[in-house]
Amino acid sequence: MIINTPAPMETSTIKADLAVIGAGMTGMAAALFAVNRKISTALVGQHSAMNFASGIMDLMGVHPAGQQWDDPWKAIDQVRYDLPDHPFAKVENTLIKESLEEVSNFLEGKLPYRRSMGTNVTLVTSVGTPKKTYMVPKTMWNGVKALEKKAPTLILDFTGMKLFSARQIASSLEKIWPGLRSKTIDFPKSELLEELHPEHVARVLDLSANRVALARRIKPLVKDVEYIGFPALLGMYKSVETVAELETLLGRPIFEIPTPPVSVPGIRLQEAMINGLGINKIFYSLSTMATKVTRTDGKEFITTIKGNNGNQTIVSKAVLLATGRFLGKGLVAGRRGICEPLMNLFVTQPESRDGWHRTSLFDPKGHPVNRAGIQTDSAFRPLTSSGEPVLDGLYVAGSILAGSDWMRMKCGSGVAIATALAAVKAIETAGTEK
Amino acid sequence: METEVLIIGGGATGTGIARDLALRGIRSIVVEKGDINAGASGGNHGLLHSGARYVSNDAGSARECMEEADILRQTAPHCIDDCGGLFAAVQGDDENYVADFPNFCEKAGLDTTAIPPEAAREMEPLLADETIAAFRVRDGAIDPFMLSLENMAHARALGATLLCHTQVVGFERQNHCITKVWLEKTGTGERFSVEPRQIINATGAWAGKVAALAGATTHVLYSMGTLLVTQSRMTQGVINRLRPPSDADILVPGGTVSILGTTSVRVDDPDRIRPTVAETNLIVEQGSKMIPSLEQTRYIRAYSGVRPLVSQSSGVGDDRTVSRGFVLLDHASDNLDNFATITGGKLTTFRLMAEKTANLVAARLGNKTPCTTKTAPLPSTLDGKWTEPGIAPSVWFAKPAGKKDKILCECEMIPESTIDAIATALRNSNETPNLLTIGRRSRLGKGPCQGAFCSTRVLAHMYNQGALSGPGGVDDIKAFLDERWKGQQAIFWGDQLVQAELTEAMHCGLFDLELAQPGDHGHDH
């Protein structure tokens with residue numbers, strides 16, 4: 001459960017070394033890295049953004065247009081060579097590895113992830129496309145193996161689900177995975193419902209009795225199959241236990257398949273990160289948004305946040321902006337251009353709106369607007385239009401950075417996590433120097 | 001394949017002719033290279049003109065509009081939102097034109113009522129504070145898709161045939177007659193021929209190209225107009241800028257949305273049109289002088305149509321000064337006895353265009369039955385039903401509790417049963433149900449999400465129903481989303497750009513659809 005720390009009674013001002021603005025993957029990772037380095041941290045942001053996250057973590061997959069890589073590290077080398085503006089050009093491989101390791105270790109006891117050291121892995125998405133990625137929740141890992149072996153596999157869905165069709169997946173993949181079968185079953189006790197929401201099912205399966213009832217319905221269907229695949233809704237807070245118990249009951253390895261939003265694994269990840277950080281180590285203000293960041297003469301930042309409990313302010317020595325792109329409101333697009341709304345930072349962007357998008361959504365070259373964003377120096381300090389750092393103590397990380405089209409290059413989580421660590425290290429270094 | 005009449009073009013005119021002929025007992029085949037209303041018939045305001053727009057420069061067209069609009073109000077009321085309209089001038093507009101307007105209307109025989117600007121703003125609260133004059137007119141809104149689908153449905157019930165995705169590729173001619181027309185299925189390339197007694201070229205902007213194929217000449221100019229769709233309905237009635245016809249001077253309600261346009265840009269090729277950023281900027285700037293909130297509102301789509309303008313003079317000057325009247329050519333001067341071209345005109349006058357064309361062809365066939373479309377009611381069928389905004393939700397709401405099926409398109413509230421009904425109707429007319437064809441016959445993908453979610457849900461549903469199998473779903477969803485993209489690219493700013501990012505995050509970021517190869521995504525990557 002997420003516990004929002006109530007606003008302090010005596011005053012609405014919080015003091016911290018670092019204010020992280022934005023609670024998506026970048027902001028959460030940055031808060032983790034900062035806490036691990038004994039930097040007192042306040043995290044502000046709307047957590048709804050993680051509903052959109054699929055839960056799988058890409059590192060680096062495609063570059064240039066349409067070329068897929070099995071080895072993400074080779075791909076990153078190529079990106080550094082070809083695109084000096086890409087955030088990966090500002091970080092070393094050792095730092096990227098360290099950042100992934102730190103997140104992965106942190107999650108291990110809460111929401112374990114799996115990866116194949118050094119290479120991308122392939123899993124199947126809910127529309128039946130094979131997809132390469134880097135780290136996947138442990139609950140999806142058997143899907144990677146089942147696809148690799150093209151093992152006889154049954155994919156299940158439930159009557160009343162809208163965004164997931166087991167039959168679609170099996171039918172779409174019939175050429176490359178002939179051993180795939182599908183079946184729709186009624187989720188226990190859901191017969192009277194017209195619609196089944198993944199979040200509700202996930203919460204129901206957190207209780208063992210419901211898993212037993214579900215397994216009883218599945219058991220007769222699994223005689224000739226080696227693996228069983230489900231939409232990603234096997235438990236909300238207890239997904240590992242849910243999968244383990246179903247595997248025991250069914251006697252088969254099982255796996256989850258990532259779905260479009262609302263995405264249960266995205267919510268799990270958010271909650272695992274935030275709760276794992278612990279309320280004693282960090283101040284959060286979720287469900288809120290920073291509305292203003294200013295700096296005092298004494299070189300402290302004052303971040304104003306608006307929430308249901310009124311206004312609060314955070315006074316901090318450093319600010320890390322991890323507000324994301326358009327969906328996260330880190331960037332705002334008007335008819336005449338793109339701006340950064342919180343501090344009016346300089347945004348690198350195509351000359352006019354004419355150049356934002358290509359004529360086909362699926363153009364392999366990707367849309368230039370997705371490379372618009374904030375340019376930084378090697379310490380992830382934002383730059384003015386003339387290339388000077390805007391302010392000491394101000395840092396930027398994640399998808400708001402210019403130069404990385406994460407949707408096409410498949411580098412979203414990799415850039416988020418690696419640049420978060422790079423920025424936090426720069427903050428740590430700057431703090432020590434003072 | 002034999003038929004009395006082959007009609008080329010499945011827009012408002014072609015489908016209107018098919019119905020007119022069918023009512024006279026003449027059988028026809030309509031061939032359409034795309035789908036119903038794929039050209040200008042589907043790329044317009046959906047304005048049922050009072051005629052007042054043309055009073056200053058084309059009184060004949062103005063009068064024609066007025067008369068035809070009245071006929072449609074009587075015969076096809078289910079296709080019409082008789083919402084009324086206003087002409088409004090704002091500070092800075094030509095005051096002479098404002099002063100002359102009532103006289104122009106009177107000369108053309110149109111009813112207009114001057115109303116004080118304050119009263120106009122009470123009727124339409126979003127009108128600019130700077131409104132200086134206003135007149136009430138009998139404009140309305142008409143659903144062009146429902147109209148063509150219903151015309152075609154009625155014609156088919158009376159014996160006509162519709163062949164969509166079928167293109168004319170050649171004519172065989174003996175002396176003064178075309179004896180055979182070669183057709184090609186655009187999807188498969190399969191060729192076959194028809195031997196009609198009469199051929200009608202009702203291809204709108206493509207009339208010149210088709211006539212040339214038959215060895216005849218028709219000079220058509222292409223004037224592209226772009227329109228923007230707002231997320232919600234802004235006004236009760238139609239709002240016209242009270243000035244000589246110009247850019248972005250009409251805002252028409254279209255059920256739950258409003259449509260703002262248009263521009264007039266001469267283009268060389270009707271097959272290569274697309275709304276541009278420059279046009280959308282111009283439309284928003286101009287439109288917001290009339291309705292200031294058009295500057296802030298969310299736009300969900302832009303689209304373009306090509307007006308076919310038949311050049312009868314030197315073609316100098318603004319395309320708006322070229323007559324919006326229609327042209328019926330009998331091609332006698334091309335030494336052709338059984339070929340006719342109908343083009344130009346407006347949606348509002350499509351029935352009259354159909355009547356004149358059918359008169360010519362009926363006379364050539366020796367059929368003396370008179371035209372009845374002035375009075376014969378247009379039956380309401382299921383074919384056109386689902387294009388109407390709000391119809392799917394109202395049908396769904398009317399179902400008893402416990403019988404309500406799942407909503408697949410949440411923006412426009414389209415449930416599974418509606419998708420199934422449309423799929424069945426498509427199969428009954430030899431069309432393949434897929435996201436594009438279902439989208440053309442419903443509001444699917446036309447809400448704020450522009451297909452991001454509903455495409456996935458409908459695809460999943462169609463697989464579950466057995467309506468789809470194999471890997472084709474990936475091509476289907478890509479084609480559908482690209483069609484939606486085409487209409488949004490020029491209006492990606494504000495909330496709609498946020499939507500675009502979400503769409504791309506889902507379909508490229510997660511599903512990797514941009515990496516899927518057409519035909520098979522069986523690449524084991």
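Buried means under 20% relative accessible area, exposed means over 50%, and partly exposed lies in between (1.4 Å probe, protein chains only). The structure is a predicted model, in which local features need pLDDT of at least 70 and side-chain atom pairs count only at pLDDT 80 or more, while totals for chains, interfaces and linings use all residues. Residues are numbered from 1 along each chain as its sequence is written, chains are lettered from A in the order in which they are written, and side-chain values use heavy atoms, with hydrogens and water left out.

**Exercise 1. A salt bridge within a helix**

Task: Find the salt-bridge partner of B:R73 and classify both residues by accessibility.

Solution:
1. A salt bridge is a side-chain nitrogen of Lys or Arg within 4 Å of a carboxyl oxygen of Asp or Glu. By this rule B:R73 pairs with B:D70, with the closest N and O atoms 3.0 Å apart.
2. The two residues are separated by about one helical turn, because they stand 3 residues apart in helix 2 (residues 59–75) of chain B. Helices are DSSP runs (H or I, at least four residues) and strands likewise (E, at least two), numbered from the N terminus.
3. B:D70 has a relative accessible area of 35%, so B:D70 is partly exposed. B:R73, at 12% relative accessibility, counts as buried.

**Exercise 2. The setting of strand 14 of chain B**

Task: State which strands pair with strand 14 of chain B and in what sense, then say whether its faces are covered.

Solution:
1. Two strands pair if DSSP finds at least two bridges between them.
2. Strand 5 (residues 85–90) of chain B runs parallel to strand 14 and is joined to it by 4 bridges. Here B:L86 stands opposite B:I239.
3. Strand 15 (residues 250–254) of chain B pairs with strand 14 in the antiparallel sense over 2 bridges. In this pairing B:N240 is opposite B:I250.
4. In a regular strand the side chains alternate between the two faces of the sheet. In strand 14 (residues 238–241), B:V238 and B:N240 lie on one side and B:I239 and B:R241 on the other; all are buried, and both faces are covered.

**Exercise 3. The two domains of chain A**

Task: Describe the interface of domain 1 and domain 2 of chain A by contacts, buried area and salt bridges.

Solution:
1. The bounds, which come from an automatic or database domain assignment, are 13–108 + 267–433 for domain 1 and 127–259 for domain 2. The C-alpha centres of these domains lie 33 Å apart.
2. Taking contact as heavy atoms within 4.5 Å, 17 residues of domain 1 touch 19 residues of domain 2.
3. Buried area is the accessible area (1.4 Å probe) that two parts lose on being put together, summed over both. The two domains bury about 1400 Å² between them, with 59% of it on carbon and sulfur atoms. On the side of domain 1, A:I56, A:M57 and A:R268 supply 42% of the area buried against domain 2, more than any other three residues.
4. The rule finds 3 salt bridges across this interface. A:D58 forms a salt bridge with A:K131, the closest N and O atoms being 3.7 Å apart.
5. On the side of domain 1 that touches domain 2, the elements giving two or more residues are helix 2 (72–82), helix 3 (93–108) and helix 9 of chain A. Helix 9 gives the most, with 3 residues.
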